[in-house]
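The sequence and the structure are shown first, and the description follows.

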Amino acid sequence: MPFGFIWLGCVWVFMFNDISLIGDQNLYPETAVTLTPLVFLFASLAIFLTGLLIGTMEMVVLEKRFTNHSLLAKIGAKFLIYFSLLFFIILITFPLAEAIEQGLSPFHPQILQKLVRFLGSLIFLNTALQLSFELFLSLIYSSISEHLGHNMLKNFFTGRYHTPKVEKRIFMFLDMKNSTSIAEKLGHVRYFDFLRQYYDALSDSIINHLGEVYQYVGDEIVITWEYEHGTRDNNWLECFIDLKSAITESSVNFNKEFGVSPDFRAGIHSGEVTTGEIGALKKEIVYTGDVLNTAARLQALCKEYNTDLIFSQELKEGISSLKSSKSEQMGEILLRGKANPIQIYSILDTK
């Protein structure tokens, strides 16, 4: 959706700039489409859908195609791919817009002749430059959001956390098993490649269940949800199950490339945190609260209880009916530094 709005916002700026300069006149009737109200609506819809198409390709098709390339090479390669797509879109939308203006068929000889004149005109060059700017802007947005996270970038732009806010969140601390021995076996260079592939294997499951990556800490990932998003359809639990499936499915590739396959344990807890921007030289959105410490400690207990998942009573109460998994009470524990004990649970079957 952000890509669609970026494209729509840009084209509105360009069109309103033209309107402010020449009004409703068409100075180049032989090559340009007159901007009537109906054509304006069609152009707005077409450019918004184009933005959605670019965003979908960026997020789904090309997301992991250029991970080993520099930023400049990545943007350059994607620019060529998308611009070729845009040229094809122009060949479709220009006849449609002209057909709307003149009330003729898009395949009428008069429409097709004007398309040919348009492709050889300065108007086409101007259109290509505008599309190039919109494309470049959306690729920059994609590259920044790839590093910060889409939700984090959105929150920076909207200023949601300029003033600290108290909110209820779910946190999952996910830690790789046997990471020390794997790192020793592979060496730090190969272990880095192993980690990167490990994180890539987990990313789709996190996105599909509305999770946000808060931090990568070595071989540990901290995932968070707004409470309503996390509890809806058991997203936090289904995410854990889906993450396990993703690692199982990719184990053959890991064993083939590295001679070892990763696995993980997770501790999950929910509660109130204070969320806000912090930092002078480098801005960052930070969560503070006891819920993070508790989730980390629950994760550390997984090895002691010989389980891959431990979650708290607070989350157990929010679980809606489960089709394939049953919760198991692990007992009541008193965490170090806590005044009151908490009930902890696990899942018997995650397949």
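A salt bridge is here a side-chain nitrogen of Lys or Arg within 4 Å of a carboxyl oxygen of Asp or Glu. The model under discussion is a predicted one. By that rule, it holds 8 salt bridges.

**Charged pairs**

Arg169 takes part in a salt bridge with Glu167, in which the closest N and O atoms are 2.9 Å apart. Arg169 also forms a salt bridge with Glu212, with a closest N and O separation of 3.8 Å. Arg169 and Glu212 are both buried. For Arg169 the relative accessible area is 0%, and Glu167, with 13%, is buried as well.

Lys177 and Asp308 meet through their side chains in a further salt bridge, at 2.7 Å from N to O. Lys177 is in the loop between strand 1 and helix 7, and Asp308 is in the loop between helix 11 (290-304) and strand 6, so this pair ties together parts that are 131 residues apart in sequence. Lys177 is buried, at 17% relative accessible area, whereas Asp308 counts as partly exposed, at 24%. Through shared partners, salt bridges join Lys177, Lys244, Asp263 and Asp308 into one network.

| Salt bridge | N to O distance |
|---|---|
| Arg169 and Glu167 | 2.9 Å |
| Arg169 and Glu212 | 3.8 Å |
| Lys177 and Asp308 | 2.7 Å |

**Aromatic pairs and charges over rings**

The structure contains 15 aromatic pairs. One of them is formed by Tyr214 and Tyr287, which are edge-to-face, with 4.7 Å from centre to centre and 70° between the planes. This pair links distant parts of the chain: Tyr214 lies in strand 2 (residues 212-217) and Tyr287 in strand 5 (residues 284-288), 73 residues apart. Tyr214 and Tyr287 are buried.

The ring centres of Phe240 and Phe264 are 5.7 Å apart and the planes stand at 90°, so this pair is also edge-to-face. Phe240 is in helix 10 (residues 235-258) and Phe264 in strand 4 (residues 264-278), and the pair thus links distant parts of the chain, 24 residues apart. Phe240 and Phe264 are both buried. Lys244, a member of the salt-bridge network, lies over the face of Phe264, at 4.4 Å from the ring centre. Tyr191, Phe194, Phe254 and Phe258 make up one aromatic cluster.

**Nonpolar cores**

The largest nonpolar core has 36 residues, of which Met172, Leu174, Phe194, Tyr198, Trp236, Leu243 and Phe311 touch the most other members. Elements that each supply at least two residues of this core include strand 1 (165-176), helix 8 (188-208), helix 10 and strand 4. Helix 10 contributes the largest share, 9 residues. Leaving aside neighbours within four places in sequence, Tyr198 is in contact with residues including Leu174, Ile247, Phe254 and Phe264. Another core, of 26 residues, lies apart from the largest one, and Met15, Phe40, Ile89 and Leu115 are among its members.

Helix 10 also holds Ser250, which is buried at 12% relative accessible area. A polar atom of the Ser250 side chain lies 3.2 Å from the backbone oxygen of Ile247.

Note on methods. Residues numbered from 1 in each chain as written. Predicted model: local features only at pLDDT ≥ 70, side-chain atom pairs only at ≥ 80, totals over all residues. Heavy atoms only, no water. Phe/Tyr/Trp six-rings, centres within 6.5 Å; stacked < 30°, edge-to-face > 60°. Helix = DSSP H or I, 4+ residues; strand = E, 2+ residues; numbered from the N terminus. Buried < 20%, exposed > 50% of the residue type's maximum accessible area, 1.4 Å probe, protein only. Lys NZ or Arg CZ within 6 Å of the ring centre and 35° of its normal. Polar contact = N/O pair within 3.5 Å; in protein donor to acceptor, adjacent residues only side chain to side chain. Core = buried A, V, L, I, M, F, W, Y, C linked by side-chain atoms within 4.5 Å. Contact = heavy atoms within 4.5 Å.
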